[in-house]
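Here's a quick briefing to read alongside the model. Have the sequence and the 3D view open as you go.

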Amino acid sequence: MTHSVSLKPHNTFGLDHTCRELIAVKTTGELISCCLALYQAKEPMLLLGSGSNVIFCDDFEGTVVLVQTRGIEVATIEGYHLLSVAAGEDWHELICFCLEQGIAGLENLALVPGKVGAAPIQNIGAYGVELNDICDWVEYLDLSSGRLIRLNAPDCQFAYRDSIFKQQLLGSAVITQVGFKLAKAWQPKLDYGPLKALKNTNVTPKNVFDCICQTRMAKLPDPKTMGNAGSFFKNPVITNEQFSVLVDKFPSMVGYPQGMIHTKLAAGWLIEAAGLKGVQIGGAAVHKNQALVLINKDDATSDDILALAKHIVDCVESLFGVKLEAEPRLIAATGERSL
Ligand code: FAD
Ligand code: EPU
């Protein structure tokens, strides 16, 4: 345990804020006892995996718990591989491990940064697969009762970048373990963008994995060289009627059907069409290749990022009447805040 610690190495945006104390937990037992002690002491507490979906807006006046628990257990039942994975395992390394074991189904989600325990929280998704497609259950510590609870996937209220952990269980659940159920009979998901080129070929899980890795490396800045938190905004979901009005006015607007009555707009398109690509405030900028990604171009402060984000929200709203919402979690001095 240390006092007044820099959070710079613990957030992929590279923001230079501090916390009062930082505790790295290596076992599930330590994770449970540490979180319960902090909760009972009413100490502001922040769980952190790899810090790839947080924006520190201030110094954190509390304790950050770094989840570094390890362990992957594999079992098989008829037709399926069952995995039970500790919250602190690295997401991408889990996919590599599975491929080495001949277990497929996670490869569309290759190179999504972060730890396994954070993946259910916003139901990570990329290239046609979301966590809820492969998740069997999520186990969490209920801070108010001190009990471990296992929720089956249908009870996790998974939706686009959303789950029960961002709603009813916000602030009261510490994810300890995630279960996956992966079919032995692999069904490749090849409908999204560059994956279509693999249709009607003898495609293997490794081919899909390689295609995803190449695509992501070409499109998204690597946080090791350019601080960022992935997509800064969620793709807004509007009704089909609202979409048809907008697309009459802006014929090249990009939208994808989301269920029967909604359309998901590409926020990157909206931001680019508003002329904001490359725009910079202080050290924070809109990425030139991917307008949905804000980058730490030049020692950005959290005020720079928040000012840039608000400017984007205002411009997009006044042009298209659509309000963008931040995707990463904005962390203030004692807890979460909104934009
Ligand atoms: P953190 O940022 O450490 O934490 C995120 C939130 O979860 C925080 O509120 C934290 O308090 C909470 N939390 C973390 N662990 C626990 C736990 N065990 N129990 C309870 N709460 C916890 N996301 C996608 O969905 N798809 C993408 O394609 C994608 N691409 C990305 C690309 C880049 C370059 C970057 C930087 C990010 C991208 N993201 C993407 C976002 C990010 O990778 C995911 O949200 C990831 O799941 C975050 O994991 P983490 O361990 O870094 O979480
Ligand atoms: N677009 C533009 N200009 C831009 C960026 C995108 O016009 O600057 C257009 C593209 O041409 C395309 C559409 O927007 O027609 C969608 O772009 P892309 O396929 O790159 O996906 P995205 O909507 O920008 C989403 C996720 C990503 C995920 C990819 C791939 C959200 C908020 N983002 O990005 O997730 O990796 O799809 O599935 O849903 C993340 O959440 O951090 C993240 C990176």
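Leu-111 sits in the loop between α2 (91-100) and β8 (125-126); helices (H or I, at least four residues) and strands (E, at least two) are DSSP runs, numbered from the N terminus. Keep in mind that this is a predicted model, in which local features need pLDDT of at least 70, side-chain atom pairs count only at pLDDT 80 or more, and totals for chains, interfaces and linings use all residues. Residues are numbered from 1 along each chain as its sequence is written, chains are lettered from A and ligands numbered from 1 in the order in which they are written, and side-chain values use heavy atoms, with hydrogens and water left out.

**Positive phi**

- Most residues other than glycine have a negative phi.
- Leu-111 isn't a glycine, yet its phi is positive, at about 65°.
- Leu-111 is partly exposed, with a relative accessible area of 29% (buried means under 20% relative accessible area, exposed over 50%, partly exposed in between, with a 1.4 Å probe and protein chains only).
- Lys-42 is another non-glycine residue with a positive phi, near 55°.
- You'll find Lys-42 in the loop between α1 (28-40) and β3 (45-48), and Lys-42 is exposed, at 74% relative accessible area.

**Helix α6**

- Helix α6 (residues 302-320) has 19 residues, so at 1.5 Å a residue it should span 27 Å, and its end C-alpha atoms agree at 27 Å apart; the expected span is 1.5 Å times one less than the number of residues.
- Its buried residues include Ile-305, Leu-308, Ile-312 and Phe-320.

**Ligand 2**

- Where does ligand 2 lie? It lies between domain 2 (72-215) and domain 3 (225-337), because both give residues to its shell; the domain bounds come from an automatic or database domain assignment.
- There are 23 residues around ligand 2, with Tyr-127, Tyr-160, Glu-272, Ala-291 and Glu-327 coming nearest (near means a heavy atom within 4 Å).
- α3 (205-219), β13 (227-231) and α5 (267-273) each supply at least two shell residues, and α5 gives the most, with 3.
- A backbone N or O atom of Ala-291 is 2.8 Å from an oxygen atom of ligand 2, while a polar side-chain atom of Asn-235 is 2.9 Å from a ligand oxygen atom.
- Taken alone, ligand 2 exposes 820 Å², and the protein buries 82% of that (areas by the Shrake-Rupley method with a 1.4 Å probe).

How values were computed:
A polar contact is a pair of N or O atoms within 3.5 Å; within protein, one must be able to donate a hydrogen and the other to accept it, and residues adjacent in sequence count only if both atoms are side-chain atoms.
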